[in-house]
Amino acid sequence: MRTRIGVAVSGGSDSMATLTLLAQFHEVEAVTVDHGLRPEAADEAAFVARFCAGRGIPHRILHWDGHAAEGNLMDAARRARLSLIGAWARERGIGIVALGHTRDDQAETFLMRLSREAGLEGLSGMRRRFTAEGVLWARPFLTQSRAELRSYLSRHDIVWIEDPSNENERFDRVKARKALAALRPLGITAEKIAASMHHLEMAESALGFALGRLVGAHVREVAGDLLIDAQAFLREIDPEMQRRLIVAALRWVSGADYAPRATKVETFLTNWREKRDRTLHGCRITVNESEIRITREARAVRDLRVPVGENWDRWDVVGPEGEGLEIAVLGAEGLRQCPDWRETGLPRASLLASPAIWAGERLVAAPLAGLAEGWTARISRGAFAAWLFGR
Ligand SMILES: Nc1ncnc2c1ncn2[C@@H]1O[C@H](COP(=O)(O)OP(=O)(O)OP(=O)(O)O)[C@@H](O)[C@H]1O
């Protein structure tokens, strides 16, 4: 059986070209998210639907109703898109979804990130592949230019949608595109920037490999906590690798998709040897002579409550069937009802932040705190070392 590939198509030139090029060699299914943010969005989705119907390509339109999202709307829309398309792919049994990014997107991103003083990771650009939402995402035309893709479309009489916001200088991306054109006389082109980004990416991946080795040697994982050998951290790990290790550990323990604030990590790294508890990025960090322990912070998950069957924080919790059961944090109240918690050998703080199964106010089970009752809890992202490797 041939692998089916999902293609995320906005109707813009890059994703239209991605769709048609991939469709020449693969069985494809297309998907468009109607964010409902612009009045034309529904028409654009319908345009993609008609195009696909004409070529016998299955296509689905997904709707986002999170407009009231707080914070950066574009960012929220992008994350929602990933999650909606991810769910669609899983439902369709599609393991790979292609995105239409080009090397022009790469170069624009590079320029924009300079303003944020990005380091190696930020400047090495978008990855060709990454996993998220249980799906492998690919950017097959990341080394191609937008002009090449457009010329392919024109040669084949394929039209695309020009998003009017692509000309709106309110957006940093549009400013970056114009700045890039202005750099041409210096010989700086998207192609040159993309080539430099590739060098940075190689360096980044070598560091990622080295980090994996450090983790194998000096980090233990216990019930969702990470324990770093404090003596090795002090004597064998240089400052940049210390920073990378802490950032990765905080991301894994918090389950967050984004990195902790650089300034906060820096502060921690300058005073980490002071033996006191602190919180950072929704995690609790405890330091003693022999280890640095990173635990989920109970307060950060205090209000999180989901029906059994759904992912809670970063845990998959499974157990016997039951009506109206929910997963929420164990907390102090729950822990009092776990007579055997000390026998688990896990610190109180770790257990306080662990998942528990509740029937209303009644505690049914606390799999990490010695009250399993047939329930188990597993980290949905998998082991720390494996997650690092797959990023
Ligand atoms: N509304 C959407 N529905 C489905 N996929 C989308 C949508 N918006 C973006 N994408 C996917 O994400 C990629 C990058 O998004 P971006 O916003 O940079 O592109 P775009 O401006 O929509 O234009 P293009 O389709 O030309 O890439 C797109 O190429 C496409 O694969």
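Two residues are taken to be in contact if their C-beta atoms, placed from the backbone, lie within 7 Å. Helices (H or I, at least four residues) and strands (E, at least two) are DSSP runs, numbered from the N terminus. The structure is a predicted model, in which local features need pLDDT of at least 70, side-chain atom pairs count only at pLDDT 80 or more, and totals for chains, interfaces and linings use all residues. Residues are numbered from 1 along each chain as its sequence is written.

The protein chain contains 14 helices and 17 strands. Its C-alpha atoms fill a box of roughly 70 × 50 × 40 Å along the principal axes. The radius of gyration, taken over C-alpha atoms, is compared with a globule rule of 2.2 Å times the number of residues to the power 0.38. For 391 residues a compact globule would have a value near 21 Å, and the protein chain has 24 Å, which agrees. A residue is called buried if 20 or more other C-beta atoms lie within 10 Å of its own, exposed if 12 or fewer, and partly exposed in between, with C-beta atoms placed from the backbone. Buried residues make up 35% of the 391 residues in the protein chain. Of the contacts with a separation of 6 or more, 64% involve residues 24 or more positions apart.

In α1, 10 of the 13 residues are buried, so the helix is largely enclosed by the rest of the structure. Among the buried residues are Ser-13, Asp-14, Ser-15 and Met-16. The buried residues of α1 pack against β1 (4-8), β2, β4 (96-98) and α6.

The ligand is surrounded by 16 residues, of which the closest are Ala-8, Gly-12, Asp-14, Ser-15 and Gly-100. The shell divides into 4 nonpolar, 8 polar and 4 charged residues. In this division Ala, Val, Leu, Ile, Met, Phe, Trp, Tyr, Cys and Pro count as nonpolar, Asp, Glu, Lys and Arg as charged, and the others, Gly among them, as polar.

The buried residues of α4 include Arg-103, Asp-104, Asp-105 and Phe-110. Their cover includes α5 (120-123), α6 (146-155), α7 (172-182) and α8 (190-218).

Strands pair if DSSP finds at least two bridges between them. Strands β5 (residues 129-132) and β6 (residues 135-138) run antiparallel and are joined by 4 bridges, with Arg-129 opposite Ala-138 in β6. Their hairpin has 2 residues between the strands, and Glu-133 in the turn has a positive phi of about 55°. Strands β15 (residues 355-359) and β16 (residues 362-365) pair in the antiparallel sense over 3 bridges, and Ile-357 stands opposite Ala-365 in β16. This hairpin also has 2 residues between its strands, and Gly-360 in the turn has a positive phi of about 60°.

Most residues other than glycine have a negative phi. A positive phi, near 55°, is found at His-281, in the loop between β9 (278-280) and β10 (283-287). His-281 is buried, with 23 other C-beta atoms within 10 Å. Asp-313 has a positive phi near 50° and lies in the loop between β12 (305-307) and β13 (315-318). Asp-313 counts as buried, with 22 C-beta neighbours inside 10 Å.

Ala-328 lies in strand β14 (residues 326-329) and is partly exposed, with 19 other C-beta atoms within 10 Å. Leaving aside neighbours within four places in sequence, Ala-328 is in contact with Leu-304, Arg-305, Ala-356 and Trp-358.

Methods. Near = placed C-beta within 6 Å.
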